[in-house]
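Me: Can you walk me through this one? Keep it short and plain, please.

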Amino acid sequence: MNLKHRLFKLPLGMQKLIRAVSLCAGKNKVKAYLVGGIVRDLILKKANFDLDIVVEADAIEFAKILSSYLGVDFRRHYNFKTATVLSLPYKIDLASARREFYPYSGSLPRIELSNLRDDLGRRDFSINAMALSLNKGSFAKLIDYFGGFSDLNKGVIRILHEDSFLEDPTRLFRAIRFKERFNFKFSPKTSRFLKQAVKKKALSFVNEHRLRDELVLILSEKEPLKCIRTLNKSIGFDFLAVSELEKSDFLFFQRLRSAVLWFSRKFPSQRKLEKWIIYLMGLFKNTPLPKLRQVLAKFGFRRGERIRLLSSKRIRVLDKLSAKASPSKIHKLLDPFSFETIIFFYALSSCKLARKNIEDFFCKHSKVRLKIKGGMLAHLGLLPQAMYAKVLKKILYKKIDGKITSKSDEFREAKRHLRSN
Ligand code: ATP
C-alpha cells in the first residue's frame, strides 16, 4: 500500500523535510523510513507533527549530512545513537535502526545496531510498529510486518510479544493511553498479559521518573477521565500510594472536568492550563500532606510542579472565600495560587458564594492592570526601590475595588503614598 496521498496532506514545511530526508538518503545510499506515531496517525487521518526517522545507518552521521543540506543545526545524543535536526518550526528525530535487550524487567534497554524489521519489532504495539519507506522506488510504501494496519482498522491494541509489559512496564500506561485515545480495545492476549504483569507488580520494577513521565502523558490526554477509569480498573493507583477510587471520587473528577472545560471555553486566550496537574491534584485529594511530599519527591516532580501540587492542600482558603468579601480581598486570597490550583478549589467547593468569588477573580479581578509602572514612581521621587512593588499593590487593590479608575487617579494615589512615607 502506498500512502503518498496522505503525505501530501501534511503541512508543506513537513513535506519539504520528508523530501529532503529522502533525497539525502538516496544520495548517500542510506535506507531511511518514517516510523512510529506519525505513520499510525497518517492512516487514521489525525494530525501529528513528530517526524521520527529510522535509518539503517549511523543516525548521527546522517543527521550531519541532512542538517548541512537544510542549512540548519542538529543535536546529537551519543548514548542512544540518535540525533535531532532542528528545522523550525519542525524537528526531525533520527535514530539508527536497532535491536533491544532488557537485562532485567523495567530496566533501560541495551541496544545493538540492526535493521528496520528488528527496530519495528522492539516497539510497544502493532499500531506503532509501522514504517513508510522514504527510499527511491518505494517512496511512501507502507511497511507493516506486525499487522498494525489491520489492527488499526479493527480498533485493536496489541503487544508484539508476550514479555512486552514485563520488559517495559511503562507500556501498561501506554496501552491504556492509546486504547482510550482511539476508543480501541485490547486484543485478548494483550489483555491477559497486561493482567499478568499487574499481578507480578511489574510497575514496582520501573524507575519512578519514567512512571511520572507516562503519568503526565496519560493525564494530558484529551479525555483523562476515561484513562483514570481504566487505570483504576486494570492497574490501580497503589504506585502513587492512592487507594482504589470509588464512585464519589469519580463524581469529583466529573466536577474537575467541568471546571477545566469551563475555564478553557471562557478564557481561550489565557495561558493553557496544565491539565495533568489538576487531575493529579484530584488523585491526591485524600492523600495527607506529609505523604504527598514523600510521593512527589520520589517521583522527581520539578519544584514548580511540587509547589502547585502541594498548594492543593491549602483548602482553608475556601472557608474565607465562602464569606462575602471585597474584590481586593478575593484577589489577595487567590493571587498566590496557580490557575491550576484555583480550578481545583473551584471543583472542590460546593459553596455558591465561593464559586462565584472564584469566577469573579478569573473574569474581573485578575485582569485589572495598573497604567503606572514602578519606573514612574522613581520620577515622583518615591521611596526606596524595594517599596515600589508594595505601593503598586496597594494602588492595584484600590483599582480592583473600583475606588480609582484612571491613570491620573493612580498617580494621585502614588503621590499620597509619597507624602505618607
Ligand atoms: P503520541 O501520539 O502520544 O506522541 P507516539 O506513538 O508518537 O504517541 P512516542 O512516545 O512519541 O509515541 O514514541 C514514538 C514511537 O516510539 C512509538 O510510536 C513507538 O513506536 C515507540 N515507543 C515509544 N515508547 C515505547 C516503549 N515504551 N516501548 C516500545 N516502543 C516505544
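**A chat about the chain**

Reply: Start with P89, found in the loop between β4 (82–87) and β5 (90–96). Helices (H or I, at least four residues) and strands (E, at least two) are DSSP runs, numbered from the N terminus.

Me: What kind of peptide bond joins L88 and P89?

Reply: A cis one, with omega at about 5°.

Me: Where does this model come from, and how are things numbered?

Reply: This is a predicted model, where local features need pLDDT of at least 70, side-chain atom pairs count only at pLDDT 80 or more, and totals for chains, interfaces and linings use all residues. Residues are numbered from 1 along each chain as its sequence is written, and side-chain values use heavy atoms, with hydrogens and water left out.

Me: Okay, overall picture. How many helices and strands does the protein chain have?

Reply: The protein chain has 22 helices and eleven strands. Its C-alpha atoms fill a box of roughly 80 × 55 × 35 Å, taken along the principal axes.

Me: And how much of the protein chain is buried?

Reply: Buried residues make up 49% of the 421 residues. Buried means under 20% relative accessible area, exposed over 50%, and partly exposed in between (1.4 Å probe, protein chains only).

Me: Which domains does the assignment give?

Reply: Domain 1 (4–154), domain 2 (238–367) and domain 3 (374–419). The bounds come from an automatic or database domain assignment.

Me: How many residues does the contact take from domain 2 and from domain 3?

Reply: Seven residues from domain 2 and five residues from domain 3. Contact means heavy atoms within 4.5 Å.

Me: What area is buried between domain 2 and domain 3?

Reply: About 490 Å², of which carbon and sulfur atoms give 65%. Buried area is the accessible area (1.4 Å probe) that two parts lose on being put together, summed over both.

Me: Which residues in domain 2 lose the most area to domain 3?

Reply: S328, H331 and K332. Together they give 66% of what that side buries.

Me: New topic. What is phi for K29?

Reply: Phi of K29 is near 55°, a positive value in a residue other than glycine. K29 sits in the loop between α2 (12–27) and β1 (32–35).

Me: Why does K29 count as exposed?

Reply: Because its relative accessibility is 78%.

Me: What about K45, where is it found?

Reply: K45 is in the loop between α3 (37–44) and β2 (51–55). K45 has a positive phi of about 60° although it is not a glycine. K45 is exposed too, with a relative accessible area of 64%.

Me: Where does K81 lie?

Reply: K81 lies in the loop between β3 (73–77) and β4. K81 is partly exposed, because its relative accessible area is 38%.

Me: Which residues does K81 touch?

Reply: A59, I60, A95, S96, R98 and L113, not counting residues up to four places away in sequence.

Me: What separates the C-alpha atoms of K81 and K266?

Reply: A distance of 46 Å. The two residues are 185 residues apart along the chain.

Me: Last one: is D151 buried or exposed?

Reply: D151 is buried, with a relative accessible area of 4%. D151 is found in helix α6 (residues 148–154). D151 touches S126, I127, V156, R158 and F184, again leaving out residues up to four places away in sequence.
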